[in-house]
Amino acid sequence: MLFADIANSTEKVAQLGPEEAMQRLQPALRQMCDAVERYGGTVVRTLGDGILALFGAPRTLEGHVRLACEAALRIQAVFANEAWDLGIRIGLHTGQIASDPTVGVSARSDGVHGLTIHIASRVMASSEPGEIRITQAGRDQADEYYDFQVLGPVPLKGISVAMPLFALVRSKIGPEVLLRRNTRSQFHGRVREMRLLQSAIRRAERGDAPVIGISGVPGAGKSRLCSEFADWCRRRGLVVHEIRAQLYGHAAPLQPVLELFRRCFFNISDIDDSVIARRKIAETLAVQGTHGELVLDEQDETLLADFIGLINSEDASPTSVSTARRARLLAITRQLARQPRDRVILILLEDLHWLDEPSLEFLSELVAAVVGTKILLLLNHRPTFVAPWQTGPNYKRMDLPDLSNEIIDQIVTDLTSYRRDLSVARDLIIRRSCGNPLFAEELVRSLNEDVISLGQSRLESKIDALERSVPFNVQSIIGARIDRLDAVDKSLLQICSVIGKDIPLAVLERIAKEEISGDISQGLERLCAMDFIQLRSNESGLEYSFRHPLIQEVAYETQLRTRRSALHQAAAAAMEQYYRSRGKEFAALIAHHYAAAGEYLKAAEHEARAAKWIASTNAAQATRHWRRVREFLKDQVPTKEAAGLRSLAGGRIVLLGWREGLRQEEIQQIIEESLAHAEQTDINLIQLLLFAQGRSLQSNGGASDEYMRCVKKALALAPHSIGTGRRALLNISLSHACAWSGLLREGIAANEAGLADHAEIDDYDREFIGVDVDQWAYGIRTRLLNRLGRFDEALQQLTQISERAAATADPVMKQIAHHVHIDLAWCAENRDLVADHAVQVSKFAETSSSAYAQVFARNSAGLAAFVLGNFSQARESFNEALARLRESRAALEFGPEILASLAECCLAEGTYASAISHSESAINAATLQSNRFAECRSLIVLGAALLRHGQLERIPLLLERAKELIDVTGASILQKKLDLACYEYLQAFNSKSAPSSSAATHQ
């Protein structure tokens, strides 16, 4: 029984009118009711300024006193926020009551009766504002779990004898283990492993924590070992954070990471509103400013608030593009993990084999960061899980072997001690389990259910038959146990399996009311008693979870596809409501359920929402989401809504996927279809699709002239309807196309037009492009100026680029800054300009995971080495870039330039045959890709190599073509190289005694 009221409520509303008083108090009452209902209680009545609630009636609740304590603590935590300016008094008591059938339904004041209610009311009345008081009867049932302050005997109005009362202070253990059932066997075996984990804690206490990964087959006891170790840590007063990857992990990307940020780094609880949560982030970042390498500011606070779901605007654009956000978040992760701590923290991350790819990237950062700190990172996974960091020196892998027969015997003895008639089957259980503890436990439960009506003598006579009938794998045993459930319990378990490993009670109740008549609490109790599921509690309320992931997997597979489909649809609808405040991060999970239900349009809508959200952090994952959008809509009726969504998905796939080597055939197919849809739905989208088409085709080895054609077509499309910002973006894109085509003068004009209005480019267009548009434009401009020989202007532009690069976390933008410095050094033949940029691009090449970025970085490293005169190192870098390009099919636009650079290296080293070969390859590639600058450069190198190789016949035509290209491109930096080649050719020609008439004509 829980009574709660607002202390001094009359004084709080004395100066208010009736409506204002109601507006002041009703939100507080709603918060109280929400806390009660989250923990399974029933609000019997509201009392104007308080509530009366029951736990354990009208429906049975295991651990009802503890649930009431959790609800009380939650209420006080909510009102601890100064914004409420309200003090809450709470009284708790447990005992017998009489209740009407209308309890929890009717608002009648006489729904419950008895002395228990009167005592609870008086206990509350004796409390101070902000205090929770509980009687001896209640305290006796919760003493193991909470800290209490002894108040002694307290006189209560209407009670003849003073009653011993206690103040409920805090929970002793985390809510994740509050209601863990004590139905499993005692923990046996794994002594060596437990000692190793305990020694790791001692290392962590010295500030030298390792990273430990526990590997084992399903049922080997990974989770049990981690659970026992976590409990051991809690008993020592350590902070423990438990995070689980889900079976549907791919459909809920970054969930484990978001939980890590909320709970571990910022101590944000589910009861914290966005104001409190953001204050906690700001306070943590302020502390970081005095310790870490990064300077964290208000932009970082906004970035983190958006990342963990505190900014709910659906239309809000990310504060920066995906690469910058991801890089900054990873850097913040590293700094938060390495912050100085006074005590050890255990972070337990379970079931890595289900972890989504974006979470794995953050985990890699965390693994590197926590080494040598007071954070012990404990992971568990199946043997199939593989990650690069597992080979690192600070990662300790712990493989769980099969348990010995002696240990299995101890487990079986624990489980069969209450039924001596099962002891005759002990040898069978030990043999069949083969050292797998889950197999042994499930086999005991199965045999118990199967032979419960047999006497010991009859069981002994059936051992041989039992041995023949017992399955040889744990999945079959679990399936047999599920088949023995009655219809209601089996249906309830199957509903749980569709929801997931963790089952919020609110979601389960909403689905179950359509499937099962009556109260489901007794069915849940039975499933808990049979160890299929277990009750858990957290700040979000009551929730169940499967005792082992295999139980969920088997329960899911035991139902017909049509039934699963209906349950998935119900789950999607329930989750939309339950996760409404965190809809973006759970959008992919909801989409998964709608897709499994065959509701493909709804699935596509939520998948698109997920793609937009994750794109601000991980472009590759966003591409996968957009692909699913297209797949969901493939066979749908082409409504305007569906066509527009599929068209948008196509454009985003092409633009996000070009760096990853999207095939040219696929690009063309997607774009053509998307353009057809966009013509019917959104003409503005056509312009962006045309840009995406041209850029993607060019980056996949297509002609740069085609890129130019696409952008010019976009500019010409409905010219009067194009906004200033959109026109600026398209002009910047045109300058990019011109830079690759080698039409430098046209490119610089388009760049100037774009930069004139670049501030007008809106957030939608910036997000669609996916890079820092301003830095991109400045980088293009510098590259054009370099090739035009306008070095003073280029140097001025480099200053601006460097300042912007220093202020961004985007590694690509930093890489561009280093590259344009090296590019200027190469064009101006000034080795002093290389400085430390060569080191930085080499480092980037070694650490980047993007194929495109690797090609870009290795090409830059090669140019830097060439400028410094280290031709062998330059050649090695160019060859590495070329090999990565061909292997990944990414960054194909760099092919002609890399080949031209290789040719120039070989010429400088005197390997003229190789120079000729590479030059000819570069000319062919440049011609196909309409890269006039690379073609011109290669023609000059080829002429010089042929001259040194004594092959003069082709040289006049080569140099004549190079002169024409310089005139077309404006690439004045190549004029000096051409003049030198012509001079050397003339010298060689004049040494010949009898030149041909054609050669004479060319002279």
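Colleague: In which loop does D531 lie?

Modeller: Secondary structure elements are DSSP runs numbered from the N terminus: helices are H or I over at least four residues, and strands are E over at least two. With these elements assigned, D531 is placed in the loop between α21 (521–529) and β16 (533–538).

Colleague: What pLDDT do local features need in this model?

Modeller: Residues are numbered from 1 along each chain as its sequence is written, and side-chain values use heavy atoms, with hydrogens and water left out. The model is predicted: totals for chains, interfaces and linings use all residues, side-chain atom pairs count only at pLDDT 80 or more, and local features need a pLDDT of at least 70.

Colleague: What is the phi of D531?

Modeller: Most residues other than glycine have a negative phi. D531 is not a glycine, yet its phi is positive, at about 65 degrees.

Colleague: Is D531 buried or exposed?

Modeller: With a 1.4 Å probe and protein chains only, buried means under 20% relative accessible area, exposed over 50%, and partly exposed in between. The relative accessible area of D531 is 6%, so the residue is buried.

Colleague: Where does A891 lie?

Modeller: A891 also has a positive phi, near 60 degrees, and is a residue other than glycine. Its relative accessible area is 0%, so A891 is buried. Its place is in the loop between α39 (871–888) and α40 (895–909).

Colleague: What is the bridge partner of I90 in β7?

Modeller: Strand β4 (residues 88–92) and strand β7 (residues 132–135) are paired in the parallel sense, over three bridges. In β7, the partner of I90 is I132.

Colleague: What kind of aromatic pair do F261 and F265 form?

Modeller: Rings of Phe, Tyr and Trp (its six-membered ring) pair if their centres lie within 6.5 Å; planes under 30 degrees apart count as stacked, over 60 as edge-to-face and the rest as tilted. The structure holds 19 such pairs. For F261 and F265, the centres are 5.3 Å apart and the planes make 85 degrees, a geometry that is edge-to-face.

Colleague: How many residues apart in sequence are the parts tied together by F307 and F362?

Modeller: F261 and F265 both belong to helix α8 (residues 255–265). The pair of F307 and F362 is stacked, because the centres are 5.7 Å apart and the planes stand at 20 degrees. F307 is in helix α10 (residues 298–307) and F362 in helix α12 (residues 357–370), so the separation of these parts is 55 residues.

Colleague: How far from the ring centre of F532 does the charged end of R481 sit?

Modeller: A charge sits over a ring if NZ of Lys or CZ of Arg is within 6 Å of the ring centre and within 35 degrees of the ring normal. The charged end of R481 sits over the ring of F532, and its distance from the centre is 4.3 Å.

Colleague: How far is C905 from the nearest cysteine sulfur?

Modeller: A disulfide is a pair of cysteine sulfur atoms within 2.5 Å. The whole structure contains zero disulfides. C905 is in none, and the nearest cysteine sulfur, that of C906, lies at 6.8 Å.

Technical notes. Two strands pair if DSSP finds at least two bridges between them.
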